[in-house]
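These are my notebook entries on a structure that I examined chain by chain. I set down what I looked up and what I found.

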Amino acid sequence: MRRYYYDPPGSPPGMIHAREQALPPRLQIMDYNAQRCVQKFLSDPQDIRGYLDTQSVSWIDVQGLGHAQTLTALGEIFQLHALTLEDIANVPQRPKVEEAPHQLLIVAQMITLLPEQTRSQRRRRSRLHMEQVSFILGRHYLLTVQEEPQFDTFESVRDRIIQGRGVIRDHQADYLAYCLIDTIIDGFFPVLEALSEDIESLELEVLRGPGPATLAQIHQIRRDLLTLRRSIWPQRDMLALLSRDGSPLLGSEVQVYLRDCYDHAAQVIDTIEIYRELTASLMDIYLSAVSNRMNEVMKTLTVISTIFIPLTFVAGIYGMNFNPEASPLNMPELNWYWGYPLAWLVMLAIASGMITFFWRRHWF
Amino acid sequence: MRRYYYDPPGSPPGMIHAREQALPPRLQIMDYNAQRCVQKFLSDPQDIRGYLDTQSVSWIDVQGLGHAQTLTALGEIFQLHALTLEDIANVPQRPKVEEAPHQLLIVAQMITLLPEQTRSQRRRRSRLHMEQVSFILGRHYLLTVQEEPQFDTFESVRDRIIQGRGVIRDHQADYLAYCLIDTIIDGFFPVLEALSEDIESLELEVLRGPGPATLAQIHQIRRDLLTLRRSIWPQRDMLALLSRDGSPLLGSEVQVYLRDCYDHAAQVIDTIEIYRELTASLMDIYLSAVSNRMNEVMKTLTVISTIFIPLTFVAGIYGMNFNPEASPLNMPELNWYWGYPLAWLVMLAIASGMITFFWRRHWF
Amino acid sequence: MRRYYYDPPGSPPGMIHAREQALPPRLQIMDYNAQRCVQKFLSDPQDIRGYLDTQSVSWIDVQGLGHAQTLTALGEIFQLHALTLEDIANVPQRPKVEEAPHQLLIVAQMITLLPEQTRSQRRRRSRLHMEQVSFILGRHYLLTVQEEPQFDTFESVRDRIIQGRGVIRDHQADYLAYCLIDTIIDGFFPVLEALSEDIESLELEVLRGPGPATLAQIHQIRRDLLTLRRSIWPQRDMLALLSRDGSPLLGSEVQVYLRDCYDHAAQVIDTIEIYRELTASLMDIYLSAVSNRMNEVMKTLTVISTIFIPLTFVAGIYGMNFNPEASPLNMPELNWYWGYPLAWLVMLAIASGMITFFWRRHWF
Amino acid sequence: MRRYYYDPPGSPPGMIHAREQALPPRLQIMDYNAQRCVQKFLSDPQDIRGYLDTQSVSWIDVQGLGHAQTLTALGEIFQLHALTLEDIANVPQRPKVEEAPHQLLIVAQMITLLPEQTRSQRRRRSRLHMEQVSFILGRHYLLTVQEEPQFDTFESVRDRIIQGRGVIRDHQADYLAYCLIDTIIDGFFPVLEALSEDIESLELEVLRGPGPATLAQIHQIRRDLLTLRRSIWPQRDMLALLSRDGSPLLGSEVQVYLRDCYDHAAQVIDTIEIYRELTASLMDIYLSAVSNRMNEVMKTLTVISTIFIPLTFVAGIYGMNFNPEASPLNMPELNWYWGYPLAWLVMLAIASGMITFFWRRHWF
Amino acid sequence: MRRYYYDPPGSPPGMIHAREQALPPRLQIMDYNAQRCVQKFLSDPQDIRGYLDTQSVSWIDVQGLGHAQTLTALGEIFQLHALTLEDIANVPQRPKVEEAPHQLLIVAQMITLLPEQTRSQRRRRSRLHMEQVSFILGRHYLLTVQEEPQFDTFESVRDRIIQGRGVIRDHQADYLAYCLIDTIIDGFFPVLEALSEDIESLELEVLRGPGPATLAQIHQIRRDLLTLRRSIWPQRDMLALLSRDGSPLLGSEVQVYLRDCYDHAAQVIDTIEIYRELTASLMDIYLSAVSNRMNEVMKTLTVISTIFIPLTFVAGIYGMNFNPEASPLNMPELNWYWGYPLAWLVMLAIASGMITFFWRRHWF
């Protein structure tokens, strides 16, 4: 489970956690209005300044963290508070929304499903990838900062902008921010679906015959659900705040859309809570199934022993060496004509009697 | 368990999820006031327009989803917001109420009990059928959209309108909406009754002698209760909102009726919570009963073994081949006159002693 | 557990659930002021009208439900809303309070302890009897409707009125309502006391030696506590509402008395929660005690087997038929003078060694 | 566990529960101001009247309940509402605060630790003594009513007044009330300390080797924690109310002191909740430890049996009576020169093989 | 677990708990503004007075408690309320914030990780060190009181002041207070990280093969989490209060910083809750793993016994002494040419049959 970032206790606030060999991040700008749309990769953060003054929407997408110069440059260009820059740079932080004059900081967490693993891996490693996405929303611009370039789920939104599909080009930066947040929240559903399939296949496995890896798998699902829960709860609160209280930077129509987004977050939470209960119930069933199966084995084994022990006793009787010649009472059976067959009969009678008794009581 | 609907992450809002080979839905209109009542099946959604302008109440009931043209036509006719249409079309959504100018969107969830299954099926499949019903309430019209035509529980309300029973014909569209929501909420009670019967028969089964399928059945009931809970909680909140805050579209008398409806939802929740606790208690008892029964079996088997093992030892003693002729101390018993009967007596004494001991301690 | 009443889904609101062969209920009127007091049984509901206009307090007590004419007549006489009449007639409903113009509807639930049962019955059947009591409080009258005539706990209040004990005759109808509600809430205490005795005797039973019926009894107590909880929680909310917000029909002094009543309801809830925790703890102890006792049995049995199995092995050794004449190494012991006693000594040494070992480790 | 007091259902409010042979309670009055201080035992309640009119603080402490005349007299002297007198007389009540004109009723619960018991008693009986203390606070007087004379924890406050230690003599009756309540709340800490020691010694006991009484002791601690919780929660609410909302009878400085008192109550609750969790964890560990120990025993016993059973089989082989003379294949071993030693070797090999196998797998 | 401090019940408020042989605490003063900075150790508390009147920020850090004279002197110098002094001196108290005229009292709890212990110690002793830090914030001064001199985590802040790093020298005393509180809250993270590593190594241990100390270790982690939770919850409430409501002594910019601090506290709580759930899940897995392993052992042992018992029976048969000469039916096998090999064949057949049967069912 990913741990929250923290500064060494006692370090001054507003410090940026820079990684030594970090490469400069990928900087991508889209500048669009209803009529035209420009998409460009920038190598120097200072090139951003040219786009910020225009009335068109400028979306600056930064992919990759840890490069101190770039981060400081961004802080200057967008006039960010030291704490805001710290929240963006030192990931992960708890999702939240914070209002600054002329700016809105939104910290969100994006969940992606890692590509399918082999069955044995799945038992030990989580399939969840969690990444912080920070938004700085201004009047005409949106700055988004992602941790890594490889899990980029914003591609579809970029296509919509370039192709002019939907109404995205007719709106301001606030609508763009909504679209991206919506993408992040909707990203929880495929993850939940994968977990749901895992739970269902575990249910079958548990009821039919759990193996030793089942336990580790249930525990892994529990961990994943805890991770999801820790991530979605503050995002729901964040959306409730945005859609209810609004902000001067959010148009009233975008607030309606954010309300829809909030509904989706509530659905995610509902589903997580249900999965948690199902997993707890699964654990009960697993324990019961393992113990039932063990009991069946022990019962069968014990029944076999219990049948043979009296028989062995009977055989032991006629293995005694009492001297038949010393007295007519001493094991006269040994000299009877039907002695040996009779002994077998006695043993068969005992065995079949016990088998019948056990059978009737369903002990097999 | 049915999962919430979700768009692929990154898709634009307001998209309708159309199914390829979907047939046009069944469109049924009832137009009535206190004096007259018309009931008609429409083939073209555009025919609805004629009824909307009149002062009489027009109830348009749409049964079946996935046909894109019809849904778009409805969106146009009733001037629905793109997100509202999405909520109607992409099912299931979380129950909620949303106010638009001149309209009220209500998303409800209808629970129906599937027809009786065989006992073995019941263990594996839920008997619950869940369907979303969306309401668009206007001043003089009510649009209801159901997912499928076959589970139509609104028939009784239609009868009441046609036959003029009750006061339904004397009221506006808001009262009609209440009647239908009331039908949906009351539909939870027969389902709870069926679950209650299942729980009671499981209680007997568990206390008398649980079989291997009991566990799967308890788990199934838990799943069903989770499904019901996920469905009724947001509907209760929705009714609380409607009956407390009202809306310009809801008359004050209908608000009183909705308060009654809210009370019923609260009763449903009370009952679900109790059933959940009972099921948890049942699980405890099941585990304890299984283990008790197993213990009884093992105890009886072990008692049998324990009685025969000392006897076999005694028989083993007199099976030893010490040479009585080598010394008078070597197994003189073998040559005694009463040797063999005495050996039997010893064994009987041991056996009866142990049986008495075990009996007194209730180990049988 | 008694289920809430519900109408078939789709039936119109305000329907009264009439039982076919229901006899007319027992109608009893008390009309009193500080000076005089009249007590009468009425056969015709219309006779009530004469008492309602006077300034004296009129308490109309109806015992028995299901007789449609009487109920309709009462609805007319007291001008009850259709939903109010439904709440009175279709029992049980969730306890609640509802304000109508000039009237206050209070739905309460009365718990009575059924007479003592035999010990074996108690394990299977609840001793609780639950009955709905509805109050319609007007300025000068109080209508109370009970489900059945036989569990009448209001007798003591009637005595107080007739004998003029206490201050009841000096007050209005609101004080009478308080007295009756107080009687209902105080009725929970003897029930809790009975449950407390059950729990305490179960505690002793569980720690000393639980039998097979203990489990069913714990489950029965849990059910009863759930029933009580479902009944008292809404009544506490109801009393909080009445004592805090008041109503034009409740004098300020009666509100003080209702606050006292609220305190009692809070005490009931405190006690129920504690009993629930005790019962859960009891379940843990039961499971542990059963398993401990079983373990003791198995341990003793296994110890006995374990002692005799090595002895049987020794006896088996000297039961082997190696030919002493073929070699001096072949079981020379058989021909020793002290052979047999030595074999016994060996076996006794093994047995006493094992017994000592087991004894020291407290395995007996 | 002590049950709340209740009147028989249907009895009129304001009844005092008098005990038949109750002796008159001990009445003690302290009348002081900064200059002087009088302490006296009174035999007649009416003597109190003389002290009430003065400007000095009069603390009337009543120890002992059940004497009807005294209680009625107190009711008259202090002009108590019937319900207030009932709350004082019929103990225990739920802790609460109630405002009357010119008076404040505070019902508190005092916990005392009973003197040290023997170890075996502690398992079965609670060491907690709970007593209700009621306060009637007026402008210049304070009436305190305790249940019994023997557990008097107010002695130290009395000393402080007589010796003029602290600032108590410089304040009004409200400060005195605070001092006494503070004494009551602080009285929870030694009790918690005793429980903490019990829990810690149980932790050691459970991890080293739990005996049969451990379970009863854990259950007893749970009961005690439930008792404490039931008592402290309403007292914390009471203190929150007093310190936040105040009352005309409480000076603003006393409110600051009560806030401190509230903090202590919150500390008590924190601690109780932690102990509850620790006890639950303890129960888990107990169950696991018992089962681990049992498993060890069974494993050792079964290992012994499992080693000897194959050996007995080998001995059984050479106990067979096949006639070596009938065929050279019939047990020629019996006539070998090294036959018997070889048999021993085989058996030793089997035994040491199994022991090694079991040893390597840590089955001993 | 450390218990809250409490006065003996009945002792007057405002008493300082002095330890007999306590040495005077270490008094350190830093007096700084943007231009200059003085750091000094004081031996006499009265020397503080000289620094308080200046406009520069004076930070007085007291390390060590229990020396009555010093505490009383501090109380006088800073004009502390008796209760405030008590909260500072009698540790630990519950974290809280309290407003006095011209002063703000903040009680915080600092968690430090004790140096690495050996593995076996870690099972029995907590690695957490908890210490109360009290803050008295005035306009131009900050008084901090720590319990002990050896765990001083404020060193890094002192360095920042002396070296003029960060903006600390440009701000007032409120910013200094924030810096120190931030250090305390950030101090929870390394502790959580250590616990997280413990949990992860326990997860591996539990899934691979739990030893007897695992249980004690899980219990120890639970205790530590309870300790952390008890400490961080009131501190989060405290920070919420400070950052939301502010105080005349806190500048608006510091309030922004405290909001950041609050976010960190929320992250700590999130993490603790997740660890608690993981530990509970771990406990389940531990119990299941122990029981699984035990079951495997018992199964293998029982399988071995079960195979040999029928074989021993066969050997027993041919150990019987029926006289073949008395009748041709009496054990003619003994005289057969292939008798002994046949007996072996029978036994091998039985053994291999059973082994196959058990193998197929995965009972090995």
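**Entry 1. Chain E against chain A**

How many residues of chain E are in contact with how many residues of chain A? I note at the outset that the model is predicted. I found 54 residues of chain E in contact with 47 residues of chain A. I then looked up which elements build the side of chain E that touches chain A: helix 5 (155–163), helix 6 (173–186), helix 7 and helix 9 (252–317) of chain E each give two or more residues. Helix 9 of chain E gives the most, with 29 residues. By residue class, I recorded 21 nonpolar, 22 polar and 11 charged residues on this side of chain E.

The copies use different surfaces, as 13% of the contact residues of chain E recur in chain A.

**Entry 2. Chain C against chain D**

I repeated the search for chains C and D. Here 53 residues of chain C and 45 residues of chain D take part in the contact. On the side of chain C that touches chain D, at least two residues each come from helix 5 (155–162), helix 6 (173–186), helix 7 (188–208) and helix 9 (252–317) of chain C. Helix 9 of chain C has the largest share, 28 residues. I recorded 20 nonpolar, 22 polar and 11 charged residues on this side of chain C.

Chain C can be laid on chain D by a turn of 72 degrees and a shift of 0.0 Å along the axis, with an RMSD of 0.1 Å. The two copies are thus related as by a five-fold rotation axis. In chain C, C:Gly319 comes closest to the rotation axis, at 4.5 Å for its C-alpha.

**Entry 3. Helices 7 and 8 of chain E**

I then turned to one helix pair within chain E. Helix 7 (residues 188–208) and helix 8 (residues 213–245) of chain E pack at an angle of about 155 degrees, their axes 11 Å apart. Angles over 145 degrees count as roughly antiparallel, and helix 7 and helix 8 of chain E are therefore roughly antiparallel to each other. The crossing of helix 7 of chain E past helix 8 of chain E is left-handed.

Which residues meet in this pair? From helix 7 of chain E I noted several, including E:Val191, E:Leu195, E:Ile199 and E:Leu202. Among those of helix 8 of chain E that they face in the contact are E:Ile218, E:Ile221 and E:Leu228. The residues of this contact divide into 10 nonpolar, 2 polar and 3 charged.

**Entry 4. The sheet of chain D**

Last, I looked up the sheet of chain D. It is an open sheet of 7 strands in the order 2-1-3-7-6-5-4, with mixed pairing. Strand 2 (37–42) and strand 4 (96–100) of chain D stand at the edges with a single partner strand each, so one side of each has no neighbour in the sheet. Neighbouring strands of this sheet are turned by 15 degrees against each other on average, direction ignored.

Strand 6 (residues 128–137) and strand 7 (residues 141–146) of chain D run antiparallel and are joined by 5 bridges. D:Val133 stands opposite D:Gln146 of strand 7 of chain D.

Methods:
Residues are numbered from 1 along each chain as its sequence is written. Chains are lettered from A and ligands numbered from 1 in the order in which they are written. This is a predicted model: local features need pLDDT of at least 70, side-chain atom pairs count only at pLDDT 80 or more; totals for chains, interfaces and linings use all residues. Two strands pair if DSSP finds at least two bridges between them. Helices (H or I, at least four residues) and strands (E, at least two) are DSSP runs, numbered from the N terminus. Axes are lines fitted to C-alpha atoms, for helices over the stretch in contact, and angles run from 0 to 180 degrees between N-to-C directions. Two residues are in contact if their C-beta atoms, placed from the backbone, lie within 7 Å. Ala, Val, Leu, Ile, Met, Phe, Trp, Tyr, Cys and Pro count as nonpolar, Asp, Glu, Lys and Arg as charged, and the others, Gly among them, as polar. Angles under 35 degrees count as roughly parallel, over 145 as roughly antiparallel, 65 to 115 as roughly perpendicular and the rest as oblique. A crossing is left-handed if the near helix is turned anticlockwise from the far one by less than a right angle, and right-handed if clockwise. Copies are superposed by least squares on the C-alpha atoms of residues with pLDDT of at least 70 in both.
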